[in-house]
Amino acid sequence: MLATIKGIYNQDVLNDDAVICRFPARTKWLKEKLELKNLPKVKCKKYSEWIKEMDATTASLIFSSAHINSPASMFGHTFIRIDSSYKSRLLSHAINYAASANQDTENGFIFAIKGLLGGYYGRYSLLPYYDKLKEYRDTEQRDIWEYNLNLSKTEVARMVDHIWELSETYSNYYFFDENCSYNMLWLLEVARPSVNLRDYFIYQVSPPETIFAIEKENLVKDKTYRASKRTTLLAYEKSLKDSHIKIVEGLSLGEIKSDEILKNNRIDKKDKQLIFDASLELSEYNYIQRKLKKENYLKIFHNLSKSRALLGKGEKLKLKTPDNPDKGHRQLKISIGSNVNTQNGNNYYTLGLRPTYHDITNNDVGFLKGTQIEFFDSQIKVEDTNFKIDYFKLLTISSIAPQTKFFNPLSWMTSWQFDREGKDDKLDFNGRVSVGSAWKFMEDNYTYTMADLFIYDKGDTHSSLGFTAGAVLYQGKKYKTNIELTYKYFDNKESQSLVHLTQSYFPKQNIDLKLKYKYIEKFYTDQSVIGLEFNYFF
């Protein structure tokens, strides 16, 4: 029964006792819906027993970074950790608020639409912190940032009391505003009523923005970073010799015996230590990703651990701490641009507004590189005294994930927008779905190629196939170059080429300047435009 309940509630329950005792109404619904007739009888804990078990002393706001191949997780996620008198934070309790839907089994597009329209119930749950770390840091490969709060023991106790009161409640979950982050702000305001965290938000609340809010209210005492399994394995990739990568992969899957490496005199002791350390990490990752069955994993892990112990103490892996999310730009963006069409010499201006969130030409400090998600990005073109919509983007999402030695993710893009990038100059609706691969070179730079399917409307629906190639080049943290070339072949046998080139400069956290070039092949006169754009984030 527990497995069934966890499947429905996305593992947001502790155990059968917790479901039956703390959520009697939900249990009744489950019993009727799933025809569960023999629920076990349990002795439910009273409030006094529960509060003693919590042993609340301090609290932290936890931010899990974006998950590169999940659109619903590209904003990151926040929850609260309640610490006890135990020294290990892993034994703390995590308070989470989430939609009662299983993202692993539900269609991603349906999940996004229902999440935007309040189609799910949102509920609080209480879990061991190590369970949430396993879910976000290990399974979903997301880095964790812990913002340890300066709440007093009395303030934490007030918040915990309110959590008990909320055990039977639910609310409609809205992806933009009444989401995981918004409901964490409620709890923090209960703990310290003098803060007004929700006043910082009007139309949307996102996980990164909540970090700015708690820092402005001086709630943060200190910060701790926990690297994801993916980040750790990428660090091993850099440390290992190329010839040892296949050895690590073979050891992690049990395809190479440990004794073969221990007895290999061509590999020195230090490299052997590194090989076995990396193999242990990779074997655990393979098990989490269900590439290994439990019994095979336990056997492999035992053999690797035994062999590693024979090599003695080695050097600790050097993990580079990424930029803290609080160093990133804000989400609401306004822009103004001055442009010249080099074909006819005409000058025009642009005015833009983007409510949220980030695109791949923006400053990546504090963000996951290669990710883009935008809602309702719009731009107006002003030429002489004429105003017209240049584009209106309903939604654009990109996940450009470079191939590495251990990881082979798929890269993809999608956009649904009205724009003037067709062969005529009309404002047409365009949809795009692209799938491909990306590759790193020279540290953080990467290139990508995509196969494209375009759908556009000109009174009736048309389509085109295409090919896109691009590159992202970094010049330190202040400069960034984006190049993208697209070729389209339409169903009426017409074709079109497009080129976009952007050179960005980031003088401050919430300011960027862009020098842009755009070439669009048209029916009569091609467009070749150079522009300078100022962007401000707040």
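**View 1. The surroundings of threonine 481.** Leaving aside residues up to four places away in sequence, threonine 481 touches Ala471, Val472, Leu473, Gln475, Leu501, Thr502 and Gln503. This is a predicted model, and in it threonine 481 has its place in strand E18, which covers residues 479-490. The side chain of threonine 481 is joined to the side chain of glutamine 503 by a polar contact of 2.4 Å. Is threonine 481 buried or exposed? Its relative accessibility is 10%, and because buried means under 20%, threonine 481 counts as buried.

View 2. Strand E16 (residues 445-457) and strand E17 (residues 461-475) run antiparallel and are joined by 12 bridges. One place at which to follow this pairing is leucine 453, whose bridge partner in E17 is leucine 465. E16 and E17 form a hairpin with three residues between them, and in the turn glycine 459 has a positive phi of about 95°. E17 also pairs with E18, again in the antiparallel sense and over 12 bridges, and here valine 472 has asparagine 482 in E18 as its bridge partner. Three residues lie between the strands in the hairpin of E17 and E18, where glycine 476 takes a positive phi near 75°. As background to this view, strands of a sheet pair through backbone hydrogen bonds, either parallel or antiparallel.

View 3. Strand E19 (residues 495-508) is joined by nine bridges to strand E20 (residues 511-520), and the two run antiparallel. Tyrosine 505 has leucine 513 as its bridge partner in E20, and a hairpin joins E19 to E20 through two residues. E20 is in turn joined by 10 bridges to strand E21 (residues 527-537), with the two strands running antiparallel. In that pairing, isoleucine 530 in E21 is the bridge partner of tyrosine 517. How many residues does the hairpin from E20 to E21 pass through? The hairpin joins E20 to E21 through six residues.

**View 4. An open sheet of seven strands.** Read across the sheet, the strands come in the order E6-E4-E3-E2-E1-E5-E7, and their pairing is antiparallel. Strand E6 (171-173) and strand E7 (220-226) stand at the edges, each with a single partner strand, and so one side of each is left without a neighbour in the sheet. On average, and with direction ignored, neighbouring strands of this sheet are turned by 35° against each other. The antiparallel pairing of E6 with strand E4 (residues 120-128) consists of three bridges, and within this part of the sheet tyrosine 121 stands opposite asparagine 172 in E6.

**View 5. Helix H8 and the largest nonpolar core.** H8 lies across strand E1 (58-64), strand E2 (77-83), strand E3 (93-99), E4, strand E5 (144-149) and E6, and it runs at about 35° to E2. The largest nonpolar core has 42 residues, and those with the most contacts inside it are Ile80, Ile82, Leu151, Met159 and Leu187. Helix H8 (residues 180-191) provides the largest share of this core, namely six residues. Leucine 187 touches Ile80, Ile95, Tyr124, Met159, His162, Ile163 and Leu166, when residues up to four places away in sequence are not counted. A second, separate core has 25 residues, among them Leu251, Ile267, Leu282 and Ile300.

**View 6. Lysine 299 in helix H14.** Lysine 299 lies in helix H14, which covers residues 294-309. Its relative accessibility is 59%, and because exposed means over 50%, lysine 299 counts as exposed. Lysine 299 and glycine 254 are 45 residues apart in sequence, while their C-alpha atoms are 8.7 Å apart in space.

**View 7. The whole protein, for orientation.** The secondary structure comes to 14 helices and 21 strands, and of the 538 residues of the protein, 51% count as buried. Among the contacts with a separation of 6 or more, 61% are between residues 24 or more positions apart. The accessible surface of the protein comes to about 27,000 Å², and 55% of this surface belongs to carbon and sulfur atoms.

Terms used: Residues are numbered from 1 along each chain as its sequence is written. This is a predicted model: local features need pLDDT of at least 70, side-chain atom pairs count only at pLDDT 80 or more; totals for chains, interfaces and linings use all residues. Side-chain values use heavy atoms; hydrogens and water are left out. Helices (H or I, at least four residues) and strands (E, at least two) are DSSP runs, numbered from the N terminus. Buried means under 20% relative accessible area, exposed over 50%, partly exposed in between (1.4 Å probe, protein chains only). A polar contact is a pair of N or O atoms within 3.5 Å; within protein, one must be able to donate a hydrogen and the other to accept it, and residues adjacent in sequence count only if both atoms are side-chain atoms. Contact means heavy atoms within 4.5 Å. A nonpolar core is a set of buried Ala, Val, Leu, Ile, Met, Phe, Trp, Tyr and Cys residues joined through side-chain atoms within 4.5 Å. Two strands pair if DSSP finds at least two bridges between them. Axes are lines fitted to C-alpha atoms, for helices over the stretch in contact, and angles run from 0 to 180 degrees between N-to-C directions. Accessible areas come from the Shrake-Rupley method with a 1.4 Å probe; for residues, only the protein chains shown count as cover.
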